[in-house]
Amino acid sequence: TRIIRHGRLAINPTQEDLRALAVITPDAWDASAMMSGLRATGQVNLARQIARKFMDDPKVCFEIATCNEQEYLEQAIEALNASLMKDPDQPLGLALISRLLEEGGDKQKAAAAMEEASSLWPNEVDWQLRTADLWTKLGSLEKPVGFLEAAHNLAPQEVTIQEKLGKAYLAAKKPQKALEFLEPLVRQDAQRVDLWMNIADAHTQAGNLEMAMLASERTCELSPDSSAAHLLAARVYRQRGDLARAIEQGRVAVSINETDPEGHVFLAGLFLAAGDKLSALESLEKASRCPEVSVKTLIEHAELMKEINGEAAARDLIKSFSRQYPENPELLGLLAQAEEACGNLKQAELAAKKVLELHPEESGMTRFLGMIQQKSGNLDQAAYFYSQVIARDPLHAEDYLELSKIFIQQREFEKARKVFEDGIQHVPGCIDLYLACAVLLKETKDYRGAEAMLRKASAIDPRNLTVQRQLGAVLALNLVHRAQEVSTQQ
């Protein structure tokens with residue numbers, strides 16, 4: 001009977017069911033059911049009073065939070081945290097605290113809580129969509145894709161999910177996957193300007209510039225007064241190398257919508273490409289005064305400011321953008337480079353490590369961390385990061401050169417020699433590897449080894465003067481060394 005009353009209180013609470021539970025000696029389970037019923041019938045204060053005897057029970061803590069969420073946000077979050085500390089596997093509690101944290105402005109914790117809720121109840125389509133939305137708001141490019149894929153698998157016929165997933169692939173720079181979802185949608189509704197724009201963008205990313213041009217022209221036909229349509233055409237013209245037509249379309253775009261930051265930033269890039277820095281800075285200034293700037297536009301703005309005024313001058317701007325989108329790897333990467341340019345190696349390291357948390361396979365940031373550790377004198381750590389880069393992508397000679405420098409600094413000459421040998425095996429055409437290895441062999445008095453290394457380099461590039469000069473010097477040293485050996489034997 002109690003279980004039945006609990007069910008009725010959850011679905012259609014009545015005073016009779018409430019009185020029936022009140023006359024017995026209720027336990028925490030009964031109390032949470034009564035609180036749910038009282039809250040649903042508008043008796044929130046009475047529900048709070050019932051909770052007092054059972055404050056240590058996670059179900060009651062959850063109900064306290066639902067009672068407080070409208071009026072007392074902080075107390076509601078506190079109650080839910082207490083509940084989740086006692087019982088972390090509460091999907092509904094995690095979903096609720098996610099919503100409350102977002103209302104309180106902590107989007108990062110909100111996204112993490114919603115992700116955990118979705119992992120506990122993975123078949124909730126709306127939860128997968130909400131998790132994707134939260135990570136999108138934080139500027140993440142990869143995470144939304146995974147949750148939208150899960151939602152699509154649960155509801156493969158849902159058109160709105162197909163569209164969201166296509167656009168998420170586009171944001172994550174996966175144009176072919178984006179087109180798989182977007183092109184069927186535009187065939188169903190050929191008047192959708194936004195879809196034509198997405199398709200043009202995807203073709204541009206994929207390098208299909210003719211297809212991109214056709215899609216952008218279709219966009220302008222459907223919406224001649226749309227600044228976004230003309231801006232898209234400007235992007236395609238820029239990709240095709242027609243700078244004059246790109247600037248023309250860019251000017252049209254910002255004349256239609258003077259408060260569009262994306263248009264001003266893109267036009268700034270066009271001006272810079274044309275050698276007009278003053279106009280570029282003026283466009284960026286207009287962009288900075290616009291409301292509702294997207295993360296993509298912020299990245300373009302930051303990159304342009306860095307190009308015009310240098311990384312150090314752009315640091316504060318990039319830092320402010322990164323605070324808005326703390327999960328965006330591109331902004332974090334720009335911030336790491338800017339901090340390093342300003343000499344703030346520790347801050348640069350923190351930003352770079354955050355990028356690797358989001359994208360562990362990102363070779364550029366791993367290499368950057370190697371350089372930072374090298375500058376800081378942490379040679380073991382520097383060697384670790386460069387070794388990681390080489391293991392992941394062994395075709396870049398500069399990584400072998402940097403790693404060998406570290407081992408030479410540590411006087412680990414055999415390790416340095418092994419690095420050179422590995423580099424020559426993977427990048428056999430790089431003369432710098434042979435030259436650097438020859439210098440090491442000469443310094444360690446292995447003149448014959450240095451000569452052999454330089455002869456290999458000479459066979460690859462017989463006209464290289466540096467190789468010939470070093471080979472001549474080593475041959476002379478070899479003669480002296482052999483003469484000394486003969487003298488000693490006599």
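Predicted model: local features only at pLDDT ≥ 70, side-chain atom pairs only at ≥ 80, totals over all residues.
The protein chain has 29 helices and zero strands in its secondary structure. Of its 490 residues, 46% are buried. Contacts across the sequence can be sorted by separation: among those between residues at least 6 apart, 49% join residues at least 24 apart.

One helix pair can be followed in detail. Two packed helices are described by the angle between their axes and the distance between the axes. Helix α13 covers residues 193-206 and helix α15 covers residues 227-239. Their axes lie 11 Å apart, and the packing angle is about 15°. Angles under 35 degrees count as roughly parallel, and α13 and α15 are therefore roughly parallel to each other. The crossing of α13 past α15 is left-handed. On the α13 side, the residues that meet α15 are W196, M197, A200, D201 and T204. On the α15 side, the residues are A228, A229, L232, V236 and Q239. By type, the residues of this contact divide into seven nonpolar, two polar and one charged.

Aromatic rings give another local view. A pair of aromatic rings is described by the distance of the centres and the angle of the planes. The structure holds three aromatic pairs. One of them is formed by W121 and W127, whose ring centres are 5.3 Å apart and whose planes are at 15°, so the pair is stacked. The cut-off behind that label is that planes under 30 degrees apart count as stacked. The two tryptophans can also be described by accessibility. W121 has a relative accessibility of 37% and counts as partly exposed, whereas W127, with a relative accessible area of 12%, is buried. The cut-off for buried is a relative accessible area under 20%.

Helix α19 spans residues 295-309 and includes E300. The relative accessibility of E300 is 18%, so this residue counts as buried. When residues up to four places away in sequence are not counted, E300 touches R235 and V265.

Conventions: Residues numbered from 1 in each chain as written. Heavy atoms only, no water. Axes fitted to C-alpha atoms, helices over the stretch in contact; angles between N-to-C directions. Helix = DSSP H or I, 4+ residues; strand = E, 2+ residues; numbered from the N terminus. Parallel < 35°, antiparallel > 145°, perpendicular 65-115°, else oblique. Left-handed = near helix turned anticlockwise from the far one by under 90°. Contact = heavy atoms within 4.5 Å. Nonpolar A, V, L, I, M, F, W, Y, C, P; charged D, E, K, R; others polar. Phe/Tyr/Trp six-rings, centres within 6.5 Å; stacked < 30°, edge-to-face > 60°. Buried < 20%, exposed > 50% of the residue type's maximum accessible area, 1.4 Å probe, protein only.
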